[in-house]
Amino acid sequence: MKIIKDILIIVTFFIVVSCKQETQYSEKKPIVVTGKIHKYNGKNAALSFVYSQPGVNESTELVEIDSAGNFGYTIEGYIPLDAMLLEQTTFANIYFIYHPGDSIHIEFEANNKSIELTKTIKYSGSRATTNNQIINFQVLREENNLGYGAIDEAKSYQKDLADFILEMNAVKEKQLNIYNSFIEEYSPSEEVKSWTRLFALETYYYFLDKYSWENTNLPDNYFDYNREILPITMDKLIGWHVLEKRITSYLQTNLFPKFAKQYPDIDLIQSLTDKTSKSDSLFIEFVRDNYTDDLLGQLTYSGLYKSLFSMNSLESYQRNQVAIKEELSAPFILNPLQESYHKTQEIINSPEEKTAVILKKMVGSPIEETFNKILDTNKGKVIYLDFWATWCKPCIEEMPSSNLLMSKLEQQGVAFVYVSIDENEEKRKKLLSEFDIDRGQHYPLDSKQVQALFDVFQFNGIPYYILIDKNGQIMERGNQLSPSMKSTEEKITDLLNEI
């Protein structure tokens with residue numbers, strides 16, 4: 001099971017799709033998003049632009065709003081996809097569909113309630129009808145309480161499997177019913193139908209995933225719900241926000257266990273990140289042999305390597321470039337992946353430039369003071385930052401390994417800094433003492449600091465780790481730096497040995 005656990009770490013960031021339409025979607029075009037926040041007073045709204053594409057990890061960028069409530073943001077893309085604006089004071093998700101070359105305009109009123117804000121959203125410009133219908137469906141889902149509040153998670157995850165499945169089937173039926181009602185009322189385009197169906201079932205899939213995290217030894221057929229997304233076709237990519245997570249879940253519960261069973265003596269993560277290993281080529285062959293769904297196969301390769309790039313690991317891609325290019329026939333997958341590769345090379349060669357960008361983003365933010373204090377307190381040391389929470393099961397599972405790593409390296413000039421993103425002080429102190437890591441440095445963050453942290457470092461899940469060298473340069477970040485990974489200790493040691 002160790003290899004499965006390690007594989008799940010790497011696929012957290014992951015996913016990709018594919019297609020034989022080699023001549024389509026080969027040109028990258030800008031997408032301009034502008035907007036106006038009505039009743040804005042400078043404090044009652046804050047925006048982040050959240051989007052991802054095949055071959056590129058999810059990005060979260062702060063959006064500047066002027067004193068009159070106007071804002072704008074531009075991205076580039078190859079294919080029609082979805083993206084969203086996150087309104088940070090209410091956590092309202094403002095979704096929209098875009099096509100390359102679009103100019104989309106959004107207007108809404110500032111509000112202290114997510115659903116009330118969503119009801120005021122109006123789109124104009126490109127794809128106005130499409131995106132206004134999408135907003136109508138968002139409101140419909142929330143008014144029927146069929147989003148993340150559809151179940152009482154604390155109680156539902158305690159149910160036995162049979163009762164939980166019954167509850168999930170009931171949730172799915174209700175979600176499909178509102179989807180069918182929406183289709184009947186609005187007669188939307190096929191694009192809107194595809195997006196809304198995936199969005200309708202978003203939390204149904206999420207609840208099933210989360211139950212498996214809380215309950216082990218589930219039968220293999222438990223994960224059959226992941227097959228509902230197959231085959232992956234171009235029209236389904238429009239719901240990328242949901243689809244990407246579904247593909248990840250499918251790979252975690254299908255492809256990777258199969259690989260581990262066929263090659264029990266190969267540590268896939270080690271072979272992928274090792275500078276000399278050649279067994280990673282077996283994985284490329286394995287995907288080719290096991291996927292008749294070409295688009296899914298291409299997305300798998302792309303997702304794997306964009307995850308490796310997030311780890312600053314380029315060797316496997318460099319070893320297998322010829323084979324990868326043969327497999328990735330779709331330019332909208334291959335081109336962004338190659339762009340990610342070159343961007344990673346630049347970051348590795350010039351970490352000070354990336355650090356400067358991050359520090360600039362922090363200026364005036366709620367976490368600027370805390371991060372500067374961490375750097376000032378530990379000048380001349382290698383800093384290992386661990387972001388965690390008392391409710392995060394994977395975080396807690398890593399604590400024994402964190403204790404061992406600290407015991408090995410804390411006397412060699414390594415600062416172990418634990419940043420908690422929840423405010424349960426009593427439980428936090430109890431856990432730190434229980435795992436004997438209370439001797440490290442600890443910084444609890446409030447909700448505003450947590451949101452600023454996510455915006456600056458562009459991540460939205462934990463555990464998450466950052467490795468900083470003795471000169472205060474951010475060398476690597478991501479959940480692949482977990483203390484249980486052998487490569488983490490090696491990376492820290494390499495930084496210690498740098499002059």
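In the predicted model, Ser187 is placed in the loop between helix 5 and helix 6 (190–200). Ser187 is not a glycine, yet its phi is positive, at about 45°. With a relative accessible area of 59%, Ser187 is exposed, because the cut-off for that class is over 50%. Arg127 lies in the loop between strand 8 (122–125) and helix 3. Its relative accessibility is 27%, so Arg127 counts as partly exposed. Most residues other than glycine have a negative phi, and most peptide bonds are trans. The peptide bond from Leu230 to Pro231 is cis, with omega near -5°. Pro231 belongs to the loop between helix 7 (202–214) and helix 8.

Helix 3 (residues 128–143) packs with helix 5 (residues 161–186) at an angle of about 145°, and the two axes are 11 Å apart. The crossing of helix 3 past helix 5 is right-handed. On the side of helix 3, the contact is made by Gln133, Asn136, Phe137, Leu140 and Arg141, and on the side of helix 5 by Ile178, Tyr179, Phe182 and Tyr186. Divided by class, the residues of this contact are six nonpolar, two polar and one charged.

A further helix pair is formed by helix 15 (residues 351–362) and helix 20 (residues 447–457), which pack at an angle of about 150° with their axes 9 Å apart. Helix 15 also passes helix 20 in a right-handed crossing. In this contact, Ile358, Lys361 and Met362 of helix 15 meet Asp455, Val456 and Phe457 of helix 20. Four of the residues in the contact of helix 15 with helix 20 are nonpolar, none is polar and two are charged.

The largest nonpolar core has 71 residues, and the members that touch the most others are Phe49, Ile106 and Leu237. Another core, of 51 residues, lies apart from it and includes Ile367, Val382, Val417 and Ile421. In soluble globular proteins, nonpolar side chains tend to be buried together.

The buried residues are Arg428, Leu431 and Leu432. These three residues cover an arc of only 100° around the axis, and therefore lie on the same side of helix 19. An α-helix has 3.6 residues a turn, so residues three or four places apart point the same way. Glu426, Lys429, Lys430 and Glu434 are exposed on the other side of helix 19. The packing partners of the buried residues of helix 19 are strand 9 (382–388), helix 17 (393–397), helix 18 (399–409), strand 10 (414–420) and strand 11 (441–444). Just after helix 19, Asp436 adopts a positive phi of about 55°.

Key
Residues are numbered from 1 along each chain as its sequence is written. This is a predicted model: local features need pLDDT of at least 70, side-chain atom pairs count only at pLDDT 80 or more; totals for chains, interfaces and linings use all residues. Side-chain values use heavy atoms; hydrogens and water are left out. A nonpolar core is a set of buried Ala, Val, Leu, Ile, Met, Phe, Trp, Tyr and Cys residues joined through side-chain atoms within 4.5 Å. Buried means under 20% relative accessible area, exposed over 50%, partly exposed in between (1.4 Å probe, protein chains only). Axes are lines fitted to C-alpha atoms, for helices over the stretch in contact, and angles run from 0 to 180 degrees between N-to-C directions. Helices (H or I, at least four residues) and strands (E, at least two) are DSSP runs, numbered from the N terminus. A crossing is left-handed if the near helix is turned anticlockwise from the far one by less than a right angle, and right-handed if clockwise. Contact means heavy atoms within 4.5 Å. Ala, Val, Leu, Ile, Met, Phe, Trp, Tyr, Cys and Pro count as nonpolar, Asp, Glu, Lys and Arg as charged, and the others, Gly among them, as polar. The arc is that of the directions from the helix axis to the C-beta atoms.
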